[in-house]
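Subject: Structure handover

Hi,

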Amino acid sequence: MRSIETYELPKPCGATAKEISVLAEKIAKVLNFQPGFELEPIIEHLNGKIEYLPFAERSSKQASITVEKGGKFTVRLAPILFPLQKRMSIAHELGHLFLHSSYGEVALQAYHDTEGENELVEEEAHEFACEFLMPTKLLSRIAKCFDYDTIKVAAYFMVPEPVARQRMVNLG
């Protein structure tokens, strides 16, 4: 008989932006991830899968992740996402995988929720996604090369322009 998995809601990991940056950079290096690479093969390599929510579900506008004890996981995405939004959503869910479940040490279910303690959880996952897709050092070099044109920077990293713009502002 199969045991029923009990899932926790993610709790803030308490890492600083710098610590999240270092972790995201290390993980990208181990996975041999470079800007512009597809994320789906990484999900598969990490023993995960992607599912698309039915159109009729109210939550179909949100992404989520379910992580099993041991590391298997499922990322659920809205059925209609622009490709760059999809990349951000997948990277964000990877943030939950590594920051909040410690890659399967904690079985969890994370849903986009910005209420109370979850606001910090979502900020941490977003920080991870931004650093994973746009590493700080490379972003600084590329932004300078493109004369700080946020559209060109966003295109280089294959992220939505508002995300690239905000990240450039945050990094000064």
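Phe98 counts as buried, because its relative accessibility is 15% and the cut-off for buried is under 20%. Bear in mind that this is a predicted model. Phe98 sits in helix α3. Setting aside neighbours within four places in sequence, Phe98 is in contact with Leu23, Ile27, Leu46, Tyr103 and Phe128. Phe73 is 25 residues from Phe98 in sequence, and the two are 11 Å apart in space, C-alpha to C-alpha.

His96 is in helix α3 too. Is His96 buried or exposed? His96 is buried, at 1% relative accessibility. Not counting residues up to four places away in sequence, His96 touches Ile65, Ser101, Leu108, Ala110, Val121, Glu122 and Ala125.

Next, the core. In soluble globular proteins, nonpolar side chains tend to be buried together. The largest nonpolar core here has 42 residues. Phe73, Leu94, Phe128, Phe132 and Leu133 touch the most other members. Helix α3, residues 83–100, gives this core its largest share, seven residues. As for Leu133, its contacts beyond four places in sequence are Phe33, Pro35, Leu39, Arg87, Met88, Ala91, Phe157 and Val159.

Now the second largest pocket. It holds about 260 Å³ of space. The lining has 14 residues, and Glu25, Ala28, Phe33, Gln34 and Pro135 are the closest to the pocket's centre. Which elements give two or more residues to that lining? They are α1 (17–30), α4 (117–133) and α5 (136–145). By class, the lining of this pocket splits into seven nonpolar, five charged and two polar residues.

Last, the cysteines. A disulfide is a covalent bond between the sulfur atoms of two cysteines. How many disulfides does a search of the whole structure find? The search finds zero. Take Cys130: the nearest cysteine sulfur belongs to Cys13 and is 15 Å away. A disulfide needs the two sulfur atoms within 2.5 Å, so Cys130 is in none. Cys130 is buried, because its relative accessibility is 6%, under the 20% cut-off. Cys145 counts as exposed, because its relative accessibility is 64% and the cut-off for exposed is over 50%.

Best wishes

Notes: Residues numbered from 1 in each chain as written. Predicted model: local features only at pLDDT ≥ 70, side-chain atom pairs only at ≥ 80, totals over all residues. Heavy atoms only, no water. 1 Å grid on protein atoms, 1.4 Å probe; cavity = no way out; pocket = protein on both sides within 12 Å on 5 of 7 lines; lining within 4 Å. Points joined across faces, edges and corners; volume = space filled by probe spheres on them. Helix = DSSP H or I, 4+ residues; strand = E, 2+ residues; numbered from the N terminus. Nonpolar A, V, L, I, M, F, W, Y, C, P; charged D, E, K, R; others polar. Buried < 20%, exposed > 50% of the residue type's maximum accessible area, 1.4 Å probe, protein only. Core = buried A, V, L, I, M, F, W, Y, C linked by side-chain atoms within 4.5 Å. Contact = heavy atoms within 4.5 Å.
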